Each structure stands twice: as C-alpha cells, then as structure tokens.
Amino acid sequence: MAEYTIREVSRMFSMPVSTLRYYEDMGILTNVGRTASGQRVYQEGHVNRLRTICCFKNAGMSIAQLQAFFDYEQDEAAHIDDILALLEGQRSNVSAQIARLEHDYEHLMRKLRYYGDIKKSLEEGTPRPDWGDYRRQSF
C-alpha cells in the first residue's frame, strides 16, 4: 500500500501543509498515521478523501458542511436523507453559480467585442460603435 509524507501530499494537492493539519484538527481528514518519530503518514484512503474535500471545497462547501457530510457517511443508512439533502443543496448552489458565471461571461464577451470594435474604428477612422447595439447581442 502506498504511503506519503505530508510534503508529498501537500505537493500532490497544491495545498499548504498547514491546511492538511487543519483538516486533521477539524476531523475531516481522519486516522492519519505517524512514524516512530511522529511524522504523519498518509495512505491512499487519505488521498481519496482529500480529492473529495477539494472537490466539495471548490464547489463551495464550508468546513461545517464537510464535517456534517463525513459524519453522515459514518452511518449512511441512518443519514441517507441528510447526505442527499446536503449534496442537493450544494448542487443547487453550484447551478446558481454557473448561471451567474454564464451571465457574467456574456457581458464580458459583449464588452470585449465592443472595445475591440472601438479599437478598429479608431484605426480605420470610422464612426465609433454604440454600446446599445451590443447590449442585446448574445454569444
């Protein structure tokens, strides 16, 4: 079974070693072994859990939500509704974030086209474009 040092895991996930220690302190990264000299030893299970932590953190989950999720996972049968509600709530949040990002992306693209056309009009000596013509465009 593969084993990793805290530095190796830190590099693997591009996260500070202090974050790994914090996750351990908060109880979301559990059962981290130690060498005789006290150095942390991570195994594949830890790497897999960190993948989940990173995914959920990137999706906007808080430490408290991660703690709840992993607590629920201890007894899935008793907490299956809690797990599903937590994940569904997060899915809904991510979906709303995606919609906001798509809206913002559309606006950014209109601005990019508008200012590109301004530059072109300056270079060619043609009339400057009207922003009103761009507000209704979609990309």
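The model is predicted, so keep the ground rules in mind: local features need pLDDT of at least 70, side-chain atom pairs count only at pLDDT 80 or more, and totals for chains, interfaces and linings use all residues. Numbering runs from 1 along each chain as its sequence is written, and side-chain values use heavy atoms, with hydrogens and water left out.

**Overall build**

- There are six helices and three strands here, taken as DSSP runs numbered from the N terminus (H or I, at least four residues, for helices; E, at least two, for strands).
- Going along the sequence, the order is β-α-α-β-β-α-α-α-α.
- The radius of gyration is 24 Å, whereas a compact globule of 139 residues would come out near 14 Å; that value is taken over C-alpha atoms, and the globule rule is 2.2 Å times the number of residues to the power 0.38.
- Along its principal axes, the C-alpha trace stretches about 75 × 40 × 25 Å.

**Surface and charge**

- Some 28% of the 139 residues count as buried, meaning under 20% relative accessible area, with exposed being over 50% and partly exposed in between (1.4 Å probe, protein chains only).
- Accessible surface totals about 9400 Å², and carbon and sulfur atoms hold 51% of that; the areas come from the Shrake-Rupley method with a 1.4 Å probe, and for residues only the protein chains shown count as cover.
- The chain carries 18 positive and 20 negative charges, whose mean positions sit 9 Å apart. Lys and Arg are the positives, Asp and Glu the negatives, with His and the chain ends not counted.

**Helix α3**

- Buried residues in α3 are H46, V47, R49, L50, I53, C54 and F56.
- Their cover includes β1 (3-4), α1 (6-13), α2 (17-25), β3 (40-43), α4 (63-74) and α5 (76-124).
- Just past α3, G60 has a positive phi of about 100°.

**Two loop residues with positive phi**

- S14, in the loop between α1 and α2, is not a glycine, yet its phi is near 50°. S14 is exposed, at 70% relative accessible area.
- N31 sits in the loop between α2 and β2 (33-34); this non-glycine residue has a phi near 55°. N31 is exposed too, at 71% relative accessibility.

Key:
Contact means heavy atoms within 4.5 Å. The place of a charge is taken as NZ of Lys, CZ of Arg, CG of Asp or CD of Glu.
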